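Hi everyone, thanks for making the time. I'd like to walk you through a structure that may be new to you, so let's get it up on the screen.

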Amino acid sequence: MITTTTPSVEGKRIVEYKGIVFGEVVSGVNFVRDIAASFSNFFGGRSGSYEEELIQARQSAIREMEQRAAALGANAVVGVDIDYEVLGADNGMLMVTASGTAVTVQ
């Protein structure tokens, strides 16, 4: 599966548009990561635990979007956009959405 943020695939021709596809992941940040992040927040620096959670959520959202595109018969997704949101009363949930247009390229 070719996945790109551009509206086309260089060297390929889009022969069919299959539709818009999404991949969504809602992930809770666990207690241990909250504690580790609070130390980074207090002392300064990057929060490796939150960064790892973000990377995993983004990869899962892209993978889900690609699977939905494949289910439509597409072999590429163009115009991919990744959005991030925090949810919940205490902002303890992370939502990552990947979206793009499923297409067939030759």
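Let's start with contacts, meaning heavy atoms within 4.5 Å. Among the contacts in the protein chain with a separation of 6 or more, 75% come from residues 24 or more positions apart.

A word on where this comes from: it's a predicted model, local features need pLDDT of at least 70, side-chain atom pairs count only at pLDDT 80 or more, and totals for chains, interfaces and linings use all residues. Residues are numbered from 1 along each chain as its sequence is written, and side-chain values use heavy atoms, with hydrogens and water left out.

Okay, the overall layout. The protein chain has two helices and four strands. By those words I mean DSSP runs, numbered from the N terminus: H or I with at least four residues for helices, E with at least two for strands. Follow the sequence along and you get β-β-α-α-β-β.

Pairing here takes at least two bridges found by DSSP between two strands. Between β2 and β4 there are 13 bridges, and these two strands run antiparallel. If you want a spot to look at, find I20, which sits opposite T101 in β4.

Next, inside and outside. I'll call a residue buried under 20% relative accessible area, exposed over 50%, and partly exposed in between, using a 1.4 Å probe and protein chains only. The protein chain has 106 residues, and 29% of them count as buried.

Now the nonpolar cores. A core is a set of buried Ala, Val, Leu, Ile, Met, Phe, Trp, Tyr and Cys residues joined through side-chain atoms within 4.5 Å. The largest one has 13 residues, and V21, M65, A69 and V77 have the most contacts inside it. Two or more residues each come from β2, α2, β3 (76-87) and β4 (93-105). Take V77: leaving out residues up to four places away in sequence, V77 touches a list that includes M1, I2, V21, M65, A69 and A102. Apart from that core lies another one, of six residues, including V9, I14, V103 and V105.

On to charges. A salt bridge here is a side-chain nitrogen of Lys or Arg within 4 Å of a carboxyl oxygen of Asp or Glu. How many does that rule give us? The count is three.

One of these is E16 with K18, where the closest N and O atoms are 3.2 Å apart. Both ends are partly exposed: E16 has a relative accessible area of 39%, and K18 has 27%.

The residue I'd keep an eye on is R68, in helix α2. R68 makes a salt bridge with E24, with the closest N and O atoms 3.0 Å apart. That pair links distant parts of the chain, since R68 is in helix α2 (residues 48-71) and E24 is in strand β2 (residues 14-28), 44 residues apart. R68 also meets E64 in a salt bridge, 3.0 Å from N to O. R68 and E64 are four residues apart in helix α2, so about one helical turn separates them. E64 is partly exposed at 21% relative accessibility. Through shared partners, the salt bridges join E24, E64 and R68 into one network.

What else does R68 contact, setting aside neighbours within four places in sequence? The answer is V21, F22, G23 and E24. R68 and A102 are 34 residues apart along the chain, yet their C-alpha atoms are separated by 8.6 Å.

Last stop, the surface. V26, L87 and M93 form a nonpolar patch with about 220 Å² of accessible area together. Patches take residues with over 30% relative accessible area and no salt bridge, joining like charges within 9 Å and nonpolar side chains (Val, Leu, Ile, Met, Phe, Trp, Tyr) within 5 Å. V26 lies in strand β2 and is partly exposed, at 48% relative accessibility.

Definitions and conventions:
Accessible areas come from the Shrake-Rupley method with a 1.4 Å probe; for residues, only the protein chains shown count as cover.
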